[in-house]
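Here's a quick briefing to read alongside the model. Have the sequence and the 3D view open, and we'll go through the ligand site and then one of the strands.

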Amino acid sequence: METSNKRLLFPLLVNHPHFIYLDSAATALKPQCVLDKMNEYYQLYGVNIHRGVYQLSYEASLAYEEARKKVADWIHSQEEEIVFTRNATESLNKICLMNAAMLNQDDEILTTEQEHHSSVLPWMHLAGKNQCRLRYLPLNESGEITVEVFKNALTPKTRILAITYASNVMGTITPLSEIIRIAHQNNILVIVDASQIVAHQRINVKELDCDYLAFSGHKMYGPTGIGILYGKSKLLKKLDPIEYGGDMNDDVDLHQVTIKPIPHRFEAGTPAIAEAIGLSEAISFLEEQGMDVIGKKEQTVHQYALNLLSQIDDVIVYNPKAVLPIIAFNIKGVHPHDAASFFDGNQIAIRAGHHCAQLMSKWLHAPHGTLRASLGLFNTKQDIDKLIATIQEVIHFFKGA
Ligand SMILES: Cc1ncc(COP(=O)(O)O)c(C=O)c1O
């Protein structure tokens, strides 16, 4: 459906006409076409996959595998390199656990204070059990990751770099291509958390040359319950699964199992079939809307917001240089949760707190975290005007200004 009012594409916004959604970095809303595709599966061929020897099961298996191909084409990988998981968190945990066997206790995992907890806590857990050491790249004065700092942080013991593509607090984009090139010259595996970038920019894993990459379907207008673990096929083939059960094996004897080739060996049990099909439709939706068009529109609204916020003395914006449409800010002297209740009262959804990236709040010296307004393709300048009006209301209430 071609419409200039993008709100009309999202049933939640149609059902709540006065609701302003500025929390797309937490999860994107779902367009009607994604919901329809999932319903179609349940209503027309909603049976299990890879098992049934009947027509509907073939149809469901085909749709599920076509969804894998859609994701693979979208990020420029091979189908066998795409493993379906529940979310980015599961993907990042699995990559960590499946690679743990190759680590010695002196091996270093490099990461950053920009990471979402799901990118750093699995490694912190391993380090806590003395299975490796965890080190952090220092951020520059704007809170960014730079190539220079990465180069300087390398030691002969560095084995893995676990790094975000884009920060969910700062909205900055990591200069990954150069970092990955240097990492590979030093035999370092690179694991990329692409969760925040997927709804805004195209990803090309071939060009990036990352070894592993993770993201969630729900942040890119797809359903919850489906995530992607991308791994280079030569690496995935060397890993042992950490989950065993139905559908991941070929032959089972009393004391031995032959597991399936990649990627199916990593998908034990009944997968999220409807969700994979919904994710595939979300990719079609993004392609139809045009990633460039989405990016330009979001940038216009983002710059409009930054400009208005910069004119309010009582507002601190922590990331004026953000590339992604994410604004981390606080109202001076007001706890972010107190402010958030005003926004809620005015039907504006924004996030308040640490955004599951507490290291970043600490780096910013924002002990209670920040407010975060994040944009989606349906947001308009009018939404920002209402955000600004509510900020003025908060300032007036707490400061009488
Ligand atoms: C940068 C980043 N990484 C990982 C995640 C985890 O995503 P999920 O909760 O879908 O597993 C998030 C979610 O906010 C995120 O912003």
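Let's start at the ligand: a polar side-chain atom of Lys 219 comes within 2.5 Å of one of the ligand's oxygen atoms. On its own the ligand would expose 390 Å², and the protein buries 89% of that. Keep in mind that this is a predicted model.

**Ligand site**

- The ligand sits in the largest pocket.
- Asp 193 also has a polar side-chain atom 2.5 Å from the ligand, this time from a nitrogen atom.
- For His 116, the distance from a polar side-chain atom to a ligand oxygen is 3.4 Å.
- The residues around the ligand include Asn 87, Ala 88 and Thr 89, along with Ser 118, Asn 168, Ser 195 and Gln 196.
- Ser 216 and His 218 are also among the ligand's surroundings.

**Strand S8: burial**

- S8 covers residues 227–231, and because five of its five residues are buried, the strand is largely enclosed by the rest of the structure.
- Side chains in a regular strand alternate between the two faces of the sheet.
- Both faces of S8 are covered, with Gly 227, Leu 229 and Gly 231 buried on one side and Ile 228 and Tyr 230 buried on the other.

**Strand S8: partners**

- S2 (residues 82–85) runs antiparallel to S8, and four bridges join the two.
- Within that pairing, Ile 82 has Tyr 230 as its bridge partner.
- S7 (residues 212–216) also pairs with S8 in the antiparallel sense, over five bridges.
- Here Tyr 212 stands opposite Gly 231.

How values were computed
Residues are numbered from 1 along each chain as its sequence is written. This is a predicted model: local features need pLDDT of at least 70, side-chain atom pairs count only at pLDDT 80 or more; totals for chains, interfaces and linings use all residues. Side-chain values use heavy atoms; hydrogens and water are left out. Buried means under 20% relative accessible area, exposed over 50%, partly exposed in between (1.4 Å probe, protein chains only). Two strands pair if DSSP finds at least two bridges between them. A residue is near a molecule or strand if one of its heavy atoms lies within 4 Å of it. A polar contact is a pair of N or O atoms within 3.5 Å; within protein, one must be able to donate a hydrogen and the other to accept it, and residues adjacent in sequence count only if both atoms are side-chain atoms. Accessible areas come from the Shrake-Rupley method with a 1.4 Å probe; for residues, only the protein chains shown count as cover. On a 1 Å grid over the protein atoms alone, a cavity is a set of points where a 1.4 Å probe fits but cannot get out, and a pocket is an open set with protein on both sides within 12 Å along at least five of seven lines; lining residues have an atom within 4 Å of a point. A molecule sits in a cavity or pocket if more than half of its atoms lie within 2 Å of its grid points.
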